Amino acid sequence: MPNTLLNRIHTIMVNTTLPANIGSTARAMHTMGLSHLTVVAPRLPIDETSHANAAGGTSVLDNAIISDTIETALSPHALIVMASARTRHLPKPVITPNKCAVLCHDFLAKNPNATIALVFGREDRGLTNDELALADYHVQIPANPAYPVLNVASAVQVIISTLYAYFDEQNSDKPKDDTHYNQHNLKHHLDIHHRTEWDEPAITHAQKMGLDDAITSLLIKLNLARDDELKDLPKRLSRLSSRLQLDQKEYALLRALLAKIDKKIG
């Protein structure tokens, strides 16, 4: 029986070079019960090589969304997880595929209308620092440190197969043993903050970005942000708002507060 929680995970590929990799990703998704694929500004369109590599997953290709920008692709989703092989400047919390499975399942189970974006980068250089700054979490596949590089479709397969196995286990009547999935051996710079209680729905990525922009504008108005700080400020605010994991009522309260302060200072 299809797992309805898995159907709320959307796979996003950014600036893909080879149409064949889009097809291989579609095949992996269909095999693991995922159906929502978005491709951001592919260098070449979906073609016959995509369909050939998709095999039985052509329905995923047929329903794929082509988006012009990553911001547009991310905007409706409440949790953003991006695959990255390297630790970047201003890092986000880093999780393994096993930890990613636990986090995603718990988030979806407690936010019944929310969706998750699982984002993969270019074949040759992955995701840029600016793109990675938009994530709530970075997921890294444990690999040979001398060459920790996977083909993008293979990386998709590894991560979503881990998701499928955990979601399927949680959906069964068999006794649960999460010990393996909760092991977290990656070295990272930030603690993992995972909100487990939700009495209101989580905010979307678009709302989070809007809040960050409003805070930035207010800081500039109050002369609290110098020109030399503006380069990293949006990334730091993004990391802060990801860590807060706001719900809709908390978001509304903060937006009202910011609007009131902005009105007071003119």
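**Helix packing, an aromatic pair and a few loop residues**

The model is a predicted one, so local features need pLDDT of at least 70 and side-chain atom pairs count only at pLDDT 80 or more, while totals for chains, interfaces and linings use all residues. Residues are numbered from 1 along each chain as its sequence is written, and side-chain values use heavy atoms, with hydrogens and water left out. Of the 266 residues of the chain, 46% count as buried; buried means under 20% relative accessible area, exposed means over 50%, and partly exposed is in between (1.4 Å probe, protein chains only). As for contacts (heavy atoms within 4.5 Å), 85% of those between residues at least 6 apart in sequence join residues at least 24 apart.

Two helix pairs are worked through here. Two packed helices are described by the angle between their axes and the distance between the axes. The axes are lines fitted to C-alpha atoms, for helices over the stretch in contact, and the angles run from 0 to 180 degrees between N-to-C directions. For H5 (residues 97-110) and H7 (residues 152-171), the packing angle is about 50° and the axes are 9 Å apart. H5 and H7 are therefore oblique to each other, on a scale where angles under 35 degrees count as roughly parallel, over 145 as roughly antiparallel, 65 to 115 as roughly perpendicular and the rest as oblique. The crossing of H5 past H7 is right-handed; a crossing gets that label if the near helix is turned clockwise from the far one by less than a right angle, and left-handed if anticlockwise. On the H5 side, the residues that meet H7 are Pro97, Asn98, Cys100, Ala101, Val102, Cys104, His105 and Leu108. Their partners in H7 are Ile159, Thr162, Leu163, Tyr166, Phe167 and Gln170. Sorted by class, this contact of H5 with H7 has 10 nonpolar, four polar and no charged residues. The classes put Ala, Val, Leu, Ile, Met, Phe, Trp, Tyr, Cys and Pro down as nonpolar, Asp, Glu, Lys and Arg as charged, and the others, Gly among them, as polar.

Next come H9 and H11. H9 (residues 205-221) packs with H11 (residues 248-265) at an angle of about 25°, with the axes 11 Å apart. That makes H9 roughly parallel to H11, and H9 passes H11 in a left-handed crossing. H9 brings Gln207, Gly210, Leu211, Ala214, Ile215, Leu218 and Lys221 to the contact, and H11 brings Gln248, Tyr251, Leu254, Arg255, Leu258, Ile261, Asp262 and Ile265. By class, the contact of H9 with H11 has nine nonpolar, three polar and three charged residues.

On to the aromatic rings. Rings of Phe, Tyr and Trp (its six-membered ring) pair if their centres lie within 6.5 Å, with planes under 30 degrees apart counted as stacked, over 60 as edge-to-face and the rest as tilted. The count by this rule is one aromatic pair. Phe107 and Trp198 make up an edge-to-face pair, at 5.6 Å centre to centre and 85° between the planes. Phe107 sits in helix H5 and Trp198 in the loop between helix H8 (179-182) and helix H9, so the pair ties together parts that are 91 residues apart in sequence. Phe107 is buried, at 4% relative accessible area, and Trp198 is buried too, at 13%.

Back in helix H7, Ala153 is buried at 8% relative accessibility. Ala153 and Ser24 are 129 residues apart in sequence, yet their C-alpha atoms are 5.8 Å apart in space. Neighbours within four places in sequence aside, Ala153 contacts Asn21, Ser24 and Thr25. Ser161, also found in helix H7, is partly exposed at 24%.

The loops hold a few residues of note. Asn15, in the loop between strand S1 (9-14) and helix H1 (19-31), has a positive phi of about 55° although it is not a glycine, and it is buried at 17% relative accessibility. Thr16 is found in the loop between S1 and H1 and is buried at 1%. Sequence neighbours within four places aside, Thr16 is in contact with Asn21, Ile22, Val39, Val40, Pro42, Arg43, Leu44 and Glu123. Ala41, in the loop between strand S2 (36-40) and helix H2 (48-54), has a positive phi of about 45° without being a glycine; Ala41 is partly exposed, at 33%.

Key: Helices (H or I, at least four residues) and strands (E, at least two) are DSSP runs, numbered from the N terminus.
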